Amino acid sequence: MRSLPFLLSLLLLSGCGTSSGLKKQAPPRPVEATILAVNDMHATLDHLPRLAFVADSLRGIYPDLLLVSAGDNQTGNPANDNYEPKGFPMIDLMNDLGFAVSAVGNHEFDSDVKGFEFLSRKADFPFISANVHKPEGSRLKLKPYVILTLKTGTKVGFVSLLDVSKETGLPASHPDKMKGFTFLPPLEHALDYDAVADSADIVLFLNHLGFEADKELADRLNARRYPLIIGGHSHTLVPEGTVRNGIRITQAKSNLKYATLIRISKRAGGTYDIRTKNLPIDPKESVDKNVAQKVQRYLDNPALLRVIGKLDAPLKNKEQIGYLFTDALRDVSGADFALANGGGVRIPSLPEGDIRVRDIYAADPFGNEGVVYDLTGRQIADLLLRHWKGDGYKICFPSGFKIRYVTDGPAAEDDSPRIELSDLQGKPLDPDRTYSVAMNNYLSTTFLSADLPYKSLFMPTAEITIGYVSRLKEIPSYDSRKLVEVTAVE
């Protein structure tokens, strides 16, 4: 059945016209494409049956519909992230939905080099990124761009760019999982494959850069050659009709809350008519039953449903979940302090009541190992400053001490805040004293010097937290805990 409550409104995205005359001539081949775009799905398996239904319904109107992803298909659901092989459920389901192409997001690297290579070869669609060069000898199916030919004969070209940290020169994934890859600054290499625009009827960017970088890219482009940027990475719901330098920009938030329907037509004079609509993807609405059954089989993992403890009060935000992580790290390691990076907490809250294994893996899906370093107070502050500069989430969550970031004006605009560290009583830490500090090895590998000695805990941080919760059984409220502060000085 191909019917949706909003289908009639979607017909408004279709162009229509009439012509008359004594002599009929065959109309020229229309140069147009219809795209359904998603981004940052993060293995939100339970929304895929609804997306499948929407895509199939739209194909009843637009047979040449291209379903595309702007990257970060992986990481966020333990049924996917802890599957063997890691990440396969998401690829399997994307194949079922008929994805045409996917950008490479930073979380595509979470399955490591061999894992990404395996998944790329299982995918029925290509992965693209113009500023990523794969390791020598790798069998990874990665292209800088792709040109897809529709049944109408229209050729649609997709070029892609991946965000790379200016501080580290790497995407936001564990450095060890990206060994052998070469990453180029995206905006500086945006036009390396400009010749694609001469080989296709319509060329667009399918990026994993973030909305602000997409706007900066648009300022550098010619709208007649690149009329559209489909974005991801910043989890932004870009309003319909957003235009920069004559170029339409879209992004559909994250976790399959929305998909963006795009109709693009090329006029005879070389300009474009582009219409977009952000469609809610509500899993409570009609779904594709076959996809729903497959998703349920992936979700029904008894090991992930096991209850390991209980929350006396909800963990209301990422900060409180971060304190649980760092308390667990400090408890297991016996370290003076512990740190967790803000981006390592992947769910917004945890409700009061039973804690299941899947809850911890959903909150900490990366498989990063716990490690312990001996660092001076000065080295801890340097680590926090590098992290602020090089990671989009900026702040870290501590256990055993307090962090105060003092910024000059709005935090988002200050690349070098002053870092003030104190013990739990408010006494400043001695910058020359050495403290033992536990953390995950993404934080250490990315933001500490490689020649510093450390001790491994030989366990992923999620398993450390699972063990900690299992021992305590009841986790008390974190409502009164406040160990990190960002203060703006005007």
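Student: How many salt bridges does the rule give here?

Tutor: The count comes to 19, where a salt bridge is a side-chain nitrogen of Lys or Arg within 4 Å of a carboxyl oxygen of Asp or Glu. This is a predicted model, in which local features need pLDDT of at least 70 and side-chain atom pairs count only at pLDDT 80 or more, while totals for chains, interfaces and linings use all residues. Residues are numbered from 1 along each chain as its sequence is written, and side-chain values use heavy atoms, with hydrogens and water left out.

Student: What makes K179 and D176 a salt bridge?

Tutor: The closest N and O atoms of K179 and D176 are 3.8 Å apart, and the cut-off is within 4 Å, so the pair counts.

Student: Why is K179 called exposed?

Tutor: K179 has a relative accessible area of 56%. Exposed means over 50%, buried under 20% and partly exposed in between (1.4 Å probe, protein chains only), so K179 is exposed. D176, at 38%, is therefore partly exposed.

Student: What makes R225 and D198 a pair that links distant parts of the chain?

Tutor: Their side chains meet in a salt bridge at 3.4 Å, N to O. R225 is in the loop between helix 6 (211-220) and strand 11 (228-230), and D198 is in the loop between strand 9 (182-183) and strand 10 (202-206), 27 residues apart. Here helices (H or I, at least four residues) and strands (E, at least two) are DSSP runs, numbered from the N terminus.

Student: Is R225 buried, partly exposed or exposed, and which is D198?

Tutor: R225 has a relative accessible area of 26% and is partly exposed. D198, at 58%, counts as exposed.

Student: What about D112, with a phi near 70°?

Tutor: That phi is also positive in a residue other than glycine. D112 is in helix 5 (residues 112-122) and, at 35% relative accessibility, counts as partly exposed.

Student: How do you know how compact the chain is?

Tutor: The chain has 13 helices and 26 strands. Its radius of gyration (taken over C-alpha atoms) is 24 Å, close to the 23 Å that the globule rule (2.2 Å times the number of residues to the power 0.38) gives for 490 residues, so the chain is as compact as a globular protein of that length.
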